[in-house]
Amino acid sequence: MKLVEGVIIEELGDEYVAVATEKASEIFNGMIKLNNTAYYMMNLLFNDINYDDLIEQVKEYYEIDQELSKKAVDSFLNTLRETGLLNE
């Protein structure tokens, strides 16, 4: 899975947001406010990554257990699915 083409991350003050540009803006017109975990996952999703590897990367980076990592990944992926910004 990976982000659709045209999604970028912008820094607004001390926060990060995902913005749809180009083709992505035909699917979603808006911004997604990113917390630190979402920012990390978003950067991983600029490249093709499978679901299990994404969970493992988040688990290792944040030094959390598998269940917590899976919940964070599932929640964020659902947001991206709702906006149409995720290619699976």
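**Figure 1. Overall fold of the protein.** The protein comprises four helices and five strands, where helices (H or I, at least four residues) and strands (E, at least two) are DSSP runs numbered from the N terminus. This is a predicted model, in which local features need pLDDT of at least 70, side-chain atom pairs count only at pLDDT 80 or more, and totals for chains, interfaces and linings use all residues. Residues are numbered from 1 along each chain as its sequence is written, and side-chain values use heavy atoms, with hydrogens and water left out. Along the sequence, the elements follow the pattern β-β-β-α-β-α-α-α-β.

**Figure 2. Packing of helices H2 and H4.** Helix H2 (residues 36-44) packs against helix H4 (residues 66-83) at an angle of about 70°, and their axes lie 11 Å apart. H2 is therefore roughly perpendicular to H4 (65 to 115 degrees). Axes are lines fitted to C-alpha atoms, for helices over the stretch in contact, and angles run from 0 to 180 degrees between N-to-C directions.

**Figure 3. Residues at the H2 and H4 contact.** From H2, Thr37, Ala38, Met41 and Met42 meet Ala72, Val73, Phe76 and Leu80 of H4 (contact: heavy atoms within 4.5 Å). The residues of this contact divide into seven nonpolar, one polar and no charged; Ala, Val, Leu, Ile, Met, Phe, Trp, Tyr, Cys and Pro count as nonpolar, Asp, Glu, Lys and Arg as charged, and the others, Gly among them, as polar.

**Figure 4. Dimensions and burial.** The C-alpha trace spans about 35 × 30 × 20 Å along the principal axes of the protein. Of the 88 residues, 35% count as buried (under 20% relative accessible area, 1.4 Å probe, protein chains only).

Definitions and conventions
Angles under 35 degrees count as roughly parallel, over 145 as roughly antiparallel, 65 to 115 as roughly perpendicular and the rest as oblique. Buried means under 20% relative accessible area, exposed over 50%, partly exposed in between (1.4 Å probe, protein chains only).
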